[in-house]
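Hello,

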Amino acid sequence: MATSAIGAEMRGTTASSARRLLQQAETNDADADSQARIDRINWLGRAVVENGAFQFWTKNASGYYTAVNDYYVKSFELESDADVVGKTDVQLIVLVAGDRTIEDFEDAKPDETLDSIASAYREHDMMVQETGKATRFNERVIADDRVYDVVAIKAPFEGGTVGIAIPRNADDDINVVVTSESDDDESDDDESDDDESDDDD
């Protein structure tokens, strides 16, 4: 074989090997990125499900719960997430209320009903699904024999929604310790609200 032919073959082999090495490196990087993402999802998922100090849930496009975290179950004094998954908001509120009516819960508003509370959840979910935007809502929750206000933030997820809810008043959350600093923060918020009201006048 001529020297030039041998050189060309060697160059071709070297180039081919380099391409294979580059492709393998890219594959390894992609695998590493994929594994890192899986690890991150698993880690954050465990944190939210097992230790998230807030109500967290997902629902499908039809409004049926597909998952809730442990705190959600604890908030409603249920046995497990199986009590929630597969139910609609109406079915969940009926479960929590049992044979009680809205009048049996403390701090219920005069014009409030169990159906109106559940309907607000669904209305907000549909709004998020239609707009495709994360949105903050003021909602009402039935738990601990009373009705209280929460700030709910909902976002689109897998055709349905994902949401988080935190009581507006720290004292309404019996599962979280309230410090004196928290009280001070709430007082500051109240003063800010008063200032805004004065400005409006």
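The largest cavity holds about 150 Å³ of space. A cavity here is a set of points on a 1 Å grid over the protein atoms alone where a 1.4 Å probe fits but cannot get out; grid points are joined across faces, edges and corners, and the volume is the space filled by probe spheres set on the points. Searching the whole structure gives 2 cavities of 30 Å³ or more.

Before you go further, please note that this is a predicted model, in which local features need pLDDT of at least 70 and side-chain atom pairs count only at pLDDT 80 or more, while totals for chains, interfaces and linings use all residues. Residues are numbered from 1 along each chain as its sequence is written, and side-chain values use heavy atoms, with hydrogens and water left out.

Back to the largest cavity: 18 residues line it, and Tyr 65, Tyr 72, Phe 76, Tyr 121 and Val 141 are the ones nearest its centre (lining residues have an atom within 4 Å of a point). The lining is made up of 13 nonpolar, 1 polar and 4 charged residues, where Ala, Val, Leu, Ile, Met, Phe, Trp, Tyr, Cys and Pro count as nonpolar, Asp, Glu, Lys and Arg as charged, and the others, Gly among them, as polar. Helix 3 contributes the most, with 4 residues. Among the other elements that each supply at least two are strand 1 (55-59) and helix 4 (114-131).

As for the fold, the chain has 5 helices and 5 strands, in the order α-β-β-α-α-α-β-β-β-α. These are DSSP runs numbered from the N terminus (helices are H or I, at least four residues; strands are E, at least two).

Strand 5 is worth a look. Of its 8 residues (160-167), 6 are buried, so the rest of the structure largely encloses this strand; buried means under 20% relative accessible area with a 1.4 Å probe, protein chains only. Over the whole chain of 201 residues, 27% count as buried.

Which strands pair with strand 5? Pairing requires at least two DSSP bridges between two strands. In the hairpin of strand 4 and strand 5, with 2 residues between the strands, Glu 158 has a positive phi near 50 degrees.

Best wishes

Note on methods: Buried < 20%, exposed > 50% of the residue type's maximum accessible area, 1.4 Å probe, protein only. 1 Å grid on protein atoms, 1.4 Å probe; cavity = no way out; pocket = protein on both sides within 12 Å on 5 of 7 lines; lining within 4 Å.
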